Amino acid sequence: MSRPKEPRVRIEPGCIVCRACEQICPEVFEVTEETSLVRPDADFSEPERVQEAAAACPVEVIRVAAPGSR
Ligand code: SF4
């Protein structure tokens, strides 16, 4: 099911498992022992927190595409 109003988020390779993203936005990010993941049931109701988490990532592997962008 497509939900076009939600930001598209992906984690590129290189996560150092610092857990910053999960601390800032646990509704979207889940950090395992190896990498951060976008939760399958991610709640994007606060997209600014997703952006905040992406900005806080020390290795800049969180990519956020604005809703409707390509
Ligand atoms: S903030 Fe970046 S490096 Fe840290 S756990 Fe999240 S994706 Fe990985």
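Good morning. Among contacts in this chain between residues at least 6 apart in sequence, 60% join residues at least 24 apart. Two residues are in contact here if their C-beta atoms, placed from the backbone, lie within 7 Å. The model is a predicted one: local features need pLDDT of at least 70, side-chain atom pairs count only at pLDDT 80 or more, and totals for chains, interfaces and linings use all residues. Residues are numbered from 1 along each chain as its sequence is written.

Let me begin with the overall layout. The chain contains 2 helices and 4 strands, and from the N terminus on these elements run β-α-β-β-α-β. Helices (H or I, at least four residues) and strands (E, at least two) are DSSP runs, numbered from the N terminus. Of the 70 residues of the chain, 17% count as buried. A residue is buried if 20 or more other C-beta atoms lie within 10 Å of its own, exposed if 12 or fewer, and partly exposed in between, with C-beta atoms placed from the backbone.

I turn now to the core. Which residues form the largest nonpolar core? There are 10 of them: Val-9, Cys-21, Cys-25, Val-28, Phe-29, Val-50, Ala-53, Ala-54, Cys-57 and Ile-62. Helix α2, residues 47-56, gives the most to this core, with 3 residues. By a nonpolar core I mean a set of buried Ala, Val, Leu, Ile, Met, Phe, Trp, Tyr and Cys residues joined through C-beta atoms within 7 Å.

Ala-56 is placed in helix α2 and is partly exposed, because 15 other C-beta atoms lie within 10 Å. Neighbours within four places in sequence aside, Ala-56 is in contact with Ala-20, Cys-21 and Ile-24. Ala-56 and Ala-20 are 36 residues apart in sequence, yet 6.8 Å apart in space, C-alpha to C-alpha.

Next, strand β4. Ile-62 is found in this strand. Is Ile-62 buried or exposed? Ile-62 is buried, since 24 other C-beta atoms lie within 10 Å. Beyond its neighbours within four places in sequence, Ile-62 is in contact with Val-9, Ile-11, Cys-21, Ala-53, Ala-54 and Cys-57. From Ile-62 to Cys-21 there are 41 residues in sequence and 8.8 Å in space, C-alpha to C-alpha.

Val-64 also has its place in strand β4. With 16 C-beta neighbours inside 10 Å, Val-64 counts as partly exposed. Its C-alpha atom is 7.2 Å from that of Gln-51, 13 residues away in sequence. Ala-54, again leaving aside neighbours within four places in sequence, is in contact with both Ile-62 and Val-64.

I come now to the ligand. It is surrounded by 16 residues, the closest being Cys-15, Cys-18, Cys-21, Ser-36 and Cys-57. A residue is near a molecule or strand if its C-beta atom, placed from the backbone, lies within 6 Å of it. The shell around the ligand divides into 14 nonpolar residues, 1 polar and 1 charged.

Ser-36 lies in strand β3, residues 36-38. It counts as buried because it has 22 C-beta neighbours inside 10 Å. Apart from neighbours within four places in sequence, Ser-36 is in contact with Ile-11, Cys-15, Cys-21, Glu-22, Phe-29 and Val-31. Ser-36 and Ile-62 are 26 residues apart along the chain, and their C-alpha atoms are separated by 9.1 Å.

Finally, two loop residues. Val-17, in the loop between β1 and α1, has a positive phi of about 60 degrees although it is not a glycine. Val-17 counts as exposed, with 12 C-beta neighbours inside 10 Å. Glu-60, in the loop between α2 and β4, has a positive phi near 55 degrees and is likewise a residue other than glycine. With 11 C-beta neighbours inside 10 Å, Glu-60 counts as exposed. Thank you.

Note on methods
Nonpolar A, V, L, I, M, F, W, Y, C, P; charged D, E, K, R; others polar.
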